[in-house]
Amino acid sequence: MVASNRHKNVLRKKLWRDISRSAMQFVAIVLLCALGTWVYSGLDGTWRMIELSAETYFQQTNLADFWVNVVSLSKADVDNLKNIRGVDSVQARYTGEMDTPDLGEDVSLLVHAYQQTPQINKPVLRSGENLNADDTRGCLLDEAFAAANRLTVGDSVKLTLDNIDRTFVIRGLILSSEQVITVKDVMPDPAHYGYALVNWQALDGLPLNEAVMTLENGADAAAVEKSIQNLLPGALVLTQKTHASTQRMRSEVTMFHNLTYVFPGLAFAVAAMIVLSTLTRMIENERTQIGTLKALGYGRTRIRNHYLNYAFVPSLAGALIGLLVGRYTLPDMLYNMETAHYILPQKIRPPISLTEWGMTGLMVLLSVLICLYAYRKEALEQTAALLRPKPPRAGSRVFLEGWTSVWAKLSFNTKMIVRNIARNKGRTAVAMVGLLCCNMLIICAMGLQESVDACVSDYYQGTVGYTLRADLDSTAGTLESYQNRLSAARVEGIMETRVSLRYAGESRAVVMNVLKENQQLMRLGQNNTLVPLPKTGIAISRKLADITGLKTGDPVQIWLPGDDKGLAFTVDAVYETNIGQSIYMSGDLWDQLHKGAFQPTALLLKDPTPLTVHQLEQADEVTAFKDPKAQYRLTMTIMDSTTAVFNLMYGAALGLAFVICYNMGLINFTERTRDYATLKVLGYHQKEIRGLMMWENNLVTLLGTGLGVWPGVLLTQAVLSSVHSENNVFIAHVSLQTMLVASAITCLFSILIEWLITRKVPSINMVEALKSVE
Amino acid sequence: MSYITFDKVCKVYGEGESAVRAADNVTFGIEKGELCVVLGPSGAGKTTVLNLLGGMDKASGGVIQVGDKTITTMRSPQLTEYRRLDVGFVFQFYNLMPSLTALENVELARQVCPNALDPVEIMRQVGLEKRMSNFPTQLSGGEQQRVSIARALCKNPALLLCDEPTGALDSKTGEQVLDLLARVSKTYHTTVVIITHNASIAPMGDRVIRMLNGTIAENTVNANPAKVEDIAW
């Protein structure tokens with residue numbers, strides 16, 4: 001027993017000494033295992049943190065399950081809604097936008113006015129005090145809006161609707177779970193748009209036009225929605241799936257969740273591959289020692305377990321480091337970026353998930369299995385054979401030599417390099433795959449940015465043909481009156497109405513755009529061409545078609561606000577626009593519906609004269625101006641958190657490339673020290689040997705980098721299809737320039753690392769290196 | 001003055017109490033065109049002397065002169081030039097490039113040497129004209145050693161240094177290799193230094209230097225060197 005323990009201790013000592021002797025290789029295994037679990041636990045932790053924080057917020061504030069918008073809601077309507085089976089509670093309120101002229105022309109607030117104290121969508125008070133039920137002078141204001149407009153508790157804010165001014169004192173600053181993201185157009189702009197809460201009694205005469213409802217646990221949401229539509233046929237019903245803020249918040253969670261399927265798989269595969277090649281070399285180098293231990297009478301199991309520790313110890317350390325570092329870096333970083341747009345009251349860190357533990361275990365298991373494979377390859381040989389050093393791997397002719405004319409033209413050094421590459425196929429393959437992955441990730445990171453940019457700019461600089469958009473309120477005149485009055489290359493109008501689209505038993509709240517037949521400023525066809533609007537049916541945007549599954553020829557119903565009967569149409573066209581879930585209808589068709597005259601909600605102007613811009617600035621009915629270029633920039637800034645993931649990919653790709661290239665370079669250098677020493681003895685200058693090393697590396701780099709281009713494009717497509725954006729259609733767009741720049745980065749990085757390794761050439765001791773075969 | 005002179009050459013490995021004097025005040029001379037056998041048991045300092053002579057290692061003290069060149073004062077790039085132009089090496093374990101054929105291994109030397117001989121002709125001279133396109137692993141030990149000699153000869157060196165060239169070979173193959181080295185010395189008037197622990201080789205040398213414990217025990221000129229085939233192994 002004592003002897004056995006001593007054996008164990010000796011082997012343990014050997015293990016730790018081996019680790020310290022081959023520190024670089026063990027560090028590489030630790031780093032690669034850490035990288036594998038870091039990416040997974042980081043992204044997994046991110047979506048879980050955002051989801052837990054958001055869902056807890058939704059639960060604590062009793063977020064509505066339905067938002068039912070009508071023209072006016074009677075007490076009977078509210079009672080009937082309450083009586084629907086499965087409904088837990090209903091609250092009626094007024095919801096509408098009001099201008100705040102004291103804060104600027106383009107500044108407005110979305111006002112919610114509850115009949116009673118809000119029990120659904122309860123506001124979270126951040127400072128000040130809550131609103132009393134009988135307080136008709138006070139309001140609760142969006143904290144971000146208040147900060148952006150330098151308002152605080154005790155200040156007053158004037159709200160204007162239909163030329164009626166109402167002034168309220170800010171009682172408290174709040175957050176609202178139904179406004180996790182407060183967006184009027186494209187992205188949050190708290191300086192110009194926010195929300196406020198007042199008592200309905202303070203709005204003398206304004207109707208209750210919205211019911212917010214929650215469901216009982218386990219209620220059939222679809223059945224409830226149908227009942228609501230039966231009760232209030234003209235109502236615009238939003239669920240948590242179609243309510244913009246909630247839906248956008250959840251789609252962010254989905255995006256990060258989907259990313260955990262793409263990148264960790266890649267990181268795992270690369271880590272496993274490098275661990276395989278590193279451990280194989282290490283075990284191969286231990287060949288004679290395995291033989292010695294066998295000759296000394298050590299049992300197979302004991303020797304095997306000793307060598308399995310070569311993988312177990314560093315992979316366990318690496319995987320745990322990756323798990324913990326991933327949990328405490330990535331989620332916090334990405335959460336903070338997310339919450340620049342999505343406002344959540346508190347960050348809640350979820351416990352380490354089972355899948356994270358599972359992936360950590362898998363990483364260790366994978367490494368140990370790889371080690372077992374490498375060990376078995378050596379240990380199955382006879383003891384006597386193991387005691388002899390392994391004969392050098394044989395050289396052989398390469399495929400290229402078949403093409404005599406090509407082969408003959410190659411220089412001697414090139415031939416030697418080509419043969420070396422062929423001789424060390426495994427190592428070369430690993431290095432090439434490493435570079436392939438690196439280039440693939442960089443192309444993907446750059447390609448994603450380019451694709452997002454291309455899709456957004458395609459809309460704002462291609463589909464959109466106007467140079468200025470002026471939003472109009474309900475007091476706007478006819479389009480003709482503006483066309484007669486304003487001077488611009490072109491003046492057109494668009495009438496936007498929020499409608500309920502019903503199809504195949506489903507319903508969805510979407511924006512319907514009515515455009516005149518002769519319009520030229522919305523190029524809705526393929527490649528931004530002008531297409532005629534359907535004469536009898538409607539057209540839908542690509543994203544709406546993707547989400548709803550609707551296609552040309554499908555029947556749909558459109559329910560206009562306040563109507564108690566839907567209008568039947570067929571989908572006549574799907575427009576290839578990149579942004580928006582929209583319905584398009586021609587002005588003529590609108591006129592035929594007899595639902596009122598075409599009244600523009602916005603003017604679209606191409607190259608307006610300064611005088612026209614001035615006239616519009618002075619016009620009371622103009623509520624806001626939008627410049628497509630500015631909108632493009634704003635849209636791109638909301639992609640910041642996504643961009644952060646892309647930047648992370650750059651970092652990961654370069655980190656990966658460094659570990660792989662340096663590790664493989666070191667292995668290569670160590671194994672070929674004898675060759676380099678021979679060259680030195682033959683009189684090759686260090687510069688010449690370094691040149692040979694660089695040339696060989698460059699060839700592998702070029703091949704690996706080149707092979708990574710197409711997978712990079714495919715990965716970009718895969719990631720884009722997993723990033724579900726509710727509003728945008730992203731198509732992979734990777735330009736030749738991106739491919740070249742990414743490849744250049746990969747090549748330069750690889751060359752730099754190889755250059756670092758070639759600096760070891762002067763340290764080759766010819767005498768030591770050539771002493772004996774061992 | 002001899003073509004090669006070692007004057008009180010020392011090589012010390014390590015420092016202080018653990019210092020090992022691998023070469024201790026080594027002094028000898030070898031004439032141009034001689035085939036010199038350096039003999040001694042393991043640890044005698046033979047390889048150290050060869051490494052110092054070949055510019056693969058630096059002496060701790062003393063002066064080494066080869067022709068008009070003082071090796072001991074040369075810096076690294078000059079030593080590389082010296083190895084490139086003046087010295088050919090033959091090792092016990094051949095040190096051939098496994099990914100190059102026999103002929104290409106010889107051509108490897110020509111890549112860096114402006115006065116190199118025709119590799120095909122050299123291969124013919126070492127009797128490997130039919131094995132030129134074989135890779136080292138397809139050759140026997142003797143053939144590999146002959147490729148190694150051909151590679152050294154291709155550079156047309158003034159000095160051919162051989163470290164235990166027959167150490168890994170059987171007696172018959174060893175005899176062929178030694179015969180080749182003797183012919184080289186005679187044909188090209190190349191100074192050949194053979195390091196060996198095998199005393200039976202000594203009779204073939206024009207000069208025999210015996211080493212013991214890092215010092216020269218004996219330096220004798222052999223007026224009648226024996227033919228290789230007459231050597232008893």
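## Sheet of chain B

B:Val12 stands opposite B:Arg21, a residue of β2(B), in a predicted model where local features need pLDDT of at least 70, side-chain atom pairs count only at pLDDT 80 or more, and totals for chains, interfaces and linings use all residues. Residues are numbered from 1 along each chain as its sequence is written, while chains are lettered from A and ligands numbered from 1 in the order in which they are written.

Strand β1 (residues 4–13) of chain B pairs with β2(B) in the antiparallel sense over seven bridges; strands (E, at least two residues) and helices (H or I, at least four) are DSSP runs numbered from the N terminus, and pairing requires at least two DSSP bridges between two strands. Helix α1 (residues 46–53) of chain B packs on the sheet, where it touches β1, β2 and β4 (61–66) of chain B, and its direction makes about 65° with that of β2(B). Contact here means C-beta atoms, placed from the backbone, within 7 Å, and angles run from 0 to 180 degrees between N-to-C directions, with axes fitted to C-alpha atoms, for helices over the stretch in contact.

## Helix pair in chain A

Helix α13 (residues 425–463) and helix α21 (residues 686–722), both of chain A, pack at an angle of about 40° with their axes 6 Å apart. α13(A) is therefore oblique to α21(A), since angles under 35 degrees count as roughly parallel, over 145 as roughly antiparallel, 65 to 115 as roughly perpendicular and the rest as oblique.

## Contact between the chains

The contact takes 23 residues from chain A and 24 residues from chain B. On the side of chain B that touches chain A, α2(B) gives the most, with five residues.

Note on methods:
Contact = placed C-beta atoms within 7 Å.
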